[in-house]
Amino acid sequence: MRQYPAIEVRTDATEFLLAIVDDFGPTALEECGPSVRIFFATASDRDGAERALAAQFDVTAIEVDDEDWARRSQENLPPVTVGCITVFPSPTAPAPSPGRIDIVIVPSMGFGTGHHVTTRLCLEALQTIDLTGRDLLDVGTGSGVLAIAADRLGAARVIGIDFDPDAIQSARGNLDLNPGTRHVTFETIDLAARAMPASDVVTANLTGALLVRSAGPLLGAVRSGGTVILSGIQSHERDQVLKAFAHADVCWEREEDGWVGIAVKKR
């Protein structure tokens, strides 16, 4: 069974905590009573974050079994609804209802179910765009929730990419749980190492720092007049991200709980 590197921090200053660890590539956050548990892709990232926090926080490095995290998440997470989309963190969803899109995303550490505000902002932004007949690229697809939602909203072709093979495995597993999804494929692609397929819409739920570094490739992947949906941005990072995407026009923006979602249209 795979174990994931994490830190457990006793704090009620979660936003400040995330600002410090952002440079170390956190992949997921779980609130555990008076503590916050933050997961990382590698042990070296985790250890760097631990050192950065040690002077200001009570922090402990831990290893978490993926199966245990998923089991506890499924016990505690309710369905989440954003607009017409409801995401269920369990293989069992209710019978289909007209006008409602139900998606099943089983929890796996690091690959969101739709409950985190950054994913909810993306789901909201997707519903402001007419995706009928359009191609969509989901960068950093994780669980595949945005890619699956885009298909259900009418996209003609959806490609979800991630540098992490475990994310692609998770996304494909979730795809099998959503048999109504017909036009989605997932590929292991490193954003920094390879050109991305051209699309009408790009979703990028990453981190503020990574969005700034990747502005060129992300804008290059969207066709003229197309839209890039950006999330994973903390409020204090907003202006820096917008500066990096200055060659596109903001067409939607929303802030919730210290996080910002932005959609920009390519000129």
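In this report a residue is called buried when its relative accessible area is under 20%, exposed when it is over 50%, and partly exposed in between, as found with a 1.4 Å probe on protein chains only. Helices (H or I, at least four residues) and strands (E, at least two) are DSSP runs, numbered from the N terminus. The structure is a predicted model, in which local features need pLDDT of at least 70 and side-chain atom pairs count only at pLDDT 80 or more, while totals for chains, interfaces and linings use all residues. Residues are numbered from 1 along each chain as its sequence is written, and side-chain values use heavy atoms, with hydrogens and water left out.

## Helix 4 and helix 5

In helix 4, the buried residues are Val117, Thr118, Thr119, Arg120, Leu121, Cys122, Leu123, Ala125 and Leu126. Because 9 of its 10 residues are buried, helix 4 is largely enclosed by the rest of the structure. The axes of helix 4 (residues 117-126) and helix 5 (residues 145-152) come within 11 Å and cross at roughly 20°, where axes are lines fitted to C-alpha atoms, for helices over the stretch in contact, and angles run from 0 to 180 degrees between N-to-C directions. Helix 4 and helix 5 are therefore roughly parallel to each other, since angles under 35 degrees count as roughly parallel, over 145 as roughly antiparallel, 65 to 115 as roughly perpendicular and the rest as oblique. Contact, meaning heavy atoms within 4.5 Å, joins Thr119, Cys122, Leu123 and Leu126 in helix 4 to Val145, Leu146 and Ala149 in helix 5. By class, this contact of helix 4 with helix 5 has 6 nonpolar, 1 polar and no charged residues; here Ala, Val, Leu, Ile, Met, Phe, Trp, Tyr, Cys and Pro count as nonpolar, Asp, Glu, Lys and Arg as charged, and the others, Gly among them, as polar.

## Helix 1 and helix 2

Helix 1 (residues 14-21) and helix 2 (residues 43-53) pack with their axes 9 Å apart, at an angle of about 125°. That angle makes helix 1 oblique to helix 2. Leu17, Ile20 and Val21 of helix 1 make the contact with Ala49, Ala52 and Leu53 of helix 2, and the residues of this contact divide into 6 nonpolar, no polar and no charged.

## Nonpolar cores

A nonpolar core is a set of buried Ala, Val, Leu, Ile, Met, Phe, Trp, Tyr and Cys residues joined through side-chain atoms within 4.5 Å. The largest one has 47 residues, and those with the most contacts inside it are Ile7, Ile38, Leu53, Leu131 and Ile229. Apart from this core lies another, of 26 residues, among them Leu191, Met196, Val222 and Leu230.

Arginine 194, by contrast, has its place in the loop between strand 10 (184-188) and strand 11 (199-205).

| Residue | Relative accessible area | State |
|---|---|---|
| Threonine 227 | 3% | buried |
| Glycine 226 | 5% | buried |
| Arginine 194 | 48% | partly exposed |

Leaving aside neighbours within four places in sequence, threonine 227 is in contact with several residues, including Ile129, Asp200, Cys251 and Val264. Glycine 226, with residues up to four places away in sequence not counted, touches Asp200, Val264, Lys265 and Lys266. Glycine 226 and lysine 266 are 40 residues apart in sequence and 5.5 Å apart in space, C-alpha to C-alpha. Arginine 194 touches Glu187, Thr188 and Ile189, again not counting residues up to four places away in sequence.
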